[in-house]
Amino acid sequence: MFRKILGQDQAVLQLRKAIENGRISQAYLFHGSDGVGKFMSALYFGMAINCYALPELRPCGVCESCHKFLSLEHPDLIYIFPTPNLNLSVDGEIKNPESLKQYQAFIKNKLEQPWAYFFFKENTEIRKESISLLIKRMELTIHEARYRIAIIEDADQMNTATANAFLKTLEEPPANTVIILITERLQMILPTILSRTQPLYFKPLSQSVIDGILVNQFEVSLSTARTAAKISAGNLKTAIRIVSDTKSVSREWAFDIVHLAAENDDLGYISLMDKYKEFQNKDQVLDMLKYLRIIAGDLACLKISPDSDITNVDKTDSMIALANRCKDLDANLHDFLIVLEDLNRKIEGNVNLNLILINLFIKTKHFLSAQAC
Ligand SMILES: [Zn+2]
């Protein structure tokens, strides 16, 4: 099943060699950008070293052990990710029904459509309570696996106190235990954590790998796949969202902004900000900007030729009409993309989102030469 991990030959080879040579490290740090297969590789590695099949077939994906891993229900798999405060009981039970509902929804999303965004209602981090539970579980005997596996996703989202509580376990994990930390932000990992783990880099996926996955597994046309792959910059999750997420709030939001900007409708925009008020959080606005970038690219292509191969194929007619009404789209595109990059950085730097959204509207009007529309 390792061959299902596409575009990460080097990282997968290192993991396979570790298994073959019996040199499995007790603590790994899988790093690299989002949507390149880090979690899948961690899970498959855990599966491989616990699989019941012949060594050369591991992980088989069908034995009882693999099956439990794939459904994230193996009793010796400890999966930790950033959460809101879950008020865990001493046994790790989530007592609050609303928190439990959100937690289960996260797991369901992870299993069924891991490329889709999932937003908890409250702020998330790797909580001290999760790490305390992990440490406690590591003191118990292993249930049935050869190796107990702990996967900690977004490990950079652990504050110093939580990280310190975890250091001893990370340095000397119990026997037959493998801890895999995952991060997109290597620079945010504390040096004390870094020095206790074996790093493994996952590179951005090539366009051809993403094309292939989209065409073969998501049955989209090669032209749509290529556009999505190009825009995604090696992030498979983004590429899948682009081709499959036609009803996403972020996408509709981006289109609403474009249409109001083209109409130069400032009052309409104030109502729009109110309409999307509940979605006005960092992650969702960043996602919306991604769609805006794609729409801008599509419009500029359509301005040059109505037959252009665009991403938002379902909106072709309205976009051709819009492109025809606006001057200089292709000339303005470059500047607008730079503006979006800049806004992106500001959002990451926690600049007030209201200001960002107002600025965004002004710049979108400029891109569309709205005064002349
Ligand atoms: Zn198996």
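Me: What makes β1 and β4 a pair, and in which sense do they run?
Reply: Happy to walk you through this predicted model. A pair needs at least two bridges between the strands. Strand β1 (residues 27-31) and β4 are joined by five bridges in the parallel sense, so they count as paired.

Me: Which sense does the pairing of β3 with β4 have, and over how many bridges?
Reply: Strand β3 (residues 148-152) pairs with β4 in the parallel sense, over five bridges. Here you can look for Ile152, which stands opposite Leu181 in β4.

Me: Why is β4 called largely enclosed?
Reply: A residue is buried if 20 or more other C-beta atoms lie within 10 Å of its own. In strand β4 (residues 177-183), seven of the seven residues are buried, so the rest of the structure largely encloses this strand. Thr177, Ile179, Leu181 and Thr183 point one way, while Val178, Ile180 and Ile182 point the other way, and all are buried.

Me: Why is Asp154 called partly exposed?
Reply: Buried takes 20 or more neighbours and exposed takes 12 or fewer, with partly exposed in between. Asp154 has 19 other C-beta atoms within 10 Å, so it is partly exposed. You will find Asp154 in the loop between β3 and α6.

Me: And how do you know that Asn176 is partly exposed?
Reply: Asn176 has 15 C-beta neighbours inside 10 Å, so it counts as partly exposed. Its place is the loop between α6 and β4.

Me: What makes the backbone at Asp154 and Asn176 worth a look?
Reply: Most residues other than glycine have a negative phi. Asp154, not a glycine, has a positive phi of about 50°. Asn176 also has a positive value, near 55°.

Me: What is the peptide bond from Arg58 to Pro59, cis or trans?
Reply: That bond is cis, with omega near -5°. Most peptide bonds are trans. Pro59 lies in the loop between α2 (38-48) and α3 (64-70).

Me: Which residues of helix α9 are buried, and what covers them?
Reply: In α9 (residues 222-232), the buried residues are Thr224, Ala225, Thr227, Ala228, Ala229 and Ser232. Their cover includes α8 (207-218) and α10 (236-244). After α9 comes Ala233, with a positive phi near 50°.

Technical notes:
Residues are numbered from 1 along each chain as its sequence is written. This is a predicted model: local features need pLDDT of at least 70, side-chain atom pairs count only at pLDDT 80 or more; totals for chains, interfaces and linings use all residues. Helices (H or I, at least four residues) and strands (E, at least two) are DSSP runs, numbered from the N terminus. Two residues are in contact if their C-beta atoms, placed from the backbone, lie within 7 Å.
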